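Dear colleague,

Please find below the sequence and structure for your review. My findings follow directly after them.

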Amino acid sequence: MGVEGTLEYISDLLSNMKKKKKKKQTQTVALKIRMDCEGCARKVKKVLSGVKGAKSVDVDLKQQKATVTGYVEPKKVLEAAKTTKKKVELWPYVPYTMVANPYVAQAYDKKAPPNHVRKVADPAKITETTMDDRYSNMFSDENPNACSLM
């Protein structure tokens, strides 16, 4: 290989290290958008396909859902969708098998697609506060100053 080959190899390594940038990962962003007709769906699809990095855009008029796939950021997709002046939010639904208690009042939604519920925090993970303890101790049998009207 010789000295020239070694120097060329080292220079190629150094130049490749400088050029490497972190590539964005492909993401799928789902949005719930209020759409009334095919014209609304076309308008939403046109705006979302104009987002930088968007590879494909799917619009489902029946579910009021738009899905953008590509090298996109959810915030930018949401901002672009808001330019259509329609009610927009990130897709709030998940399959009911993914939620611990799908029949909790916050999770159940009549407008949800079949076999889906709203994504809510797991109620088992919510911890009690000291305020809750104070109320429960106020009416305890062990408390001599508890409610004496009984």
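A search of the whole predicted model finds 0 disulfides, a disulfide being a pair of cysteine sulfur atoms within 2.5 Å. The sulfur of Cys37 has its closest cysteine sulfur in Cys40, at 3.6 Å, which is too far for a bond. Cys37 is partly exposed, with a relative accessible area of 37%, whereas Cys40 counts as buried at 12%. Here buried means under 20% relative accessible area, exposed over 50%, and partly exposed in between (1.4 Å probe, protein chains only).

As to the basis of these values, the model is predicted, so local features need pLDDT of at least 70 and side-chain atom pairs count only at pLDDT 80 or more, while totals for chains, interfaces and linings use all residues. Residues are numbered from 1 along each chain as its sequence is written, and side-chain values use heavy atoms, with hydrogens and water left out.

The count of salt bridges comes to 1, under the rule that a side-chain nitrogen of Lys or Arg lies within 4 Å of a carboxyl oxygen of Asp or Glu. The pair is Arg34 and Asp36, whose closest N and O atoms are 3.4 Å apart. Arg34 is exposed, at 53% relative accessible area, and Asp36 is exposed as well, at 56%.

The largest pocket holds about 370 Å³ of space. Grid points are joined across faces, edges and corners, and the volume is the space filled by probe spheres set on the points. The lining of the largest pocket comprises 15 residues, with Lys32, Gln63, Gln64, Tyr93 and Lys111 nearest its centre. Strand 1 (27-33) and strand 4 (88-90) are the elements that give two or more residues to this lining.

Regarding the overall fold, the protein chain has 4 helices and 6 strands, taken as DSSP runs (H or I, at least four residues, for helices; E, at least two, for strands) and numbered from the N terminus. Their order from the N terminus is α-β-α-β-β-α-β-β-β-α. Of the 150 residues in the chain, 22% are buried.

Yours sincerely

How values were computed
On a 1 Å grid over the protein atoms alone, a cavity is a set of points where a 1.4 Å probe fits but cannot get out, and a pocket is an open set with protein on both sides within 12 Å along at least five of seven lines; lining residues have an atom within 4 Å of a point.
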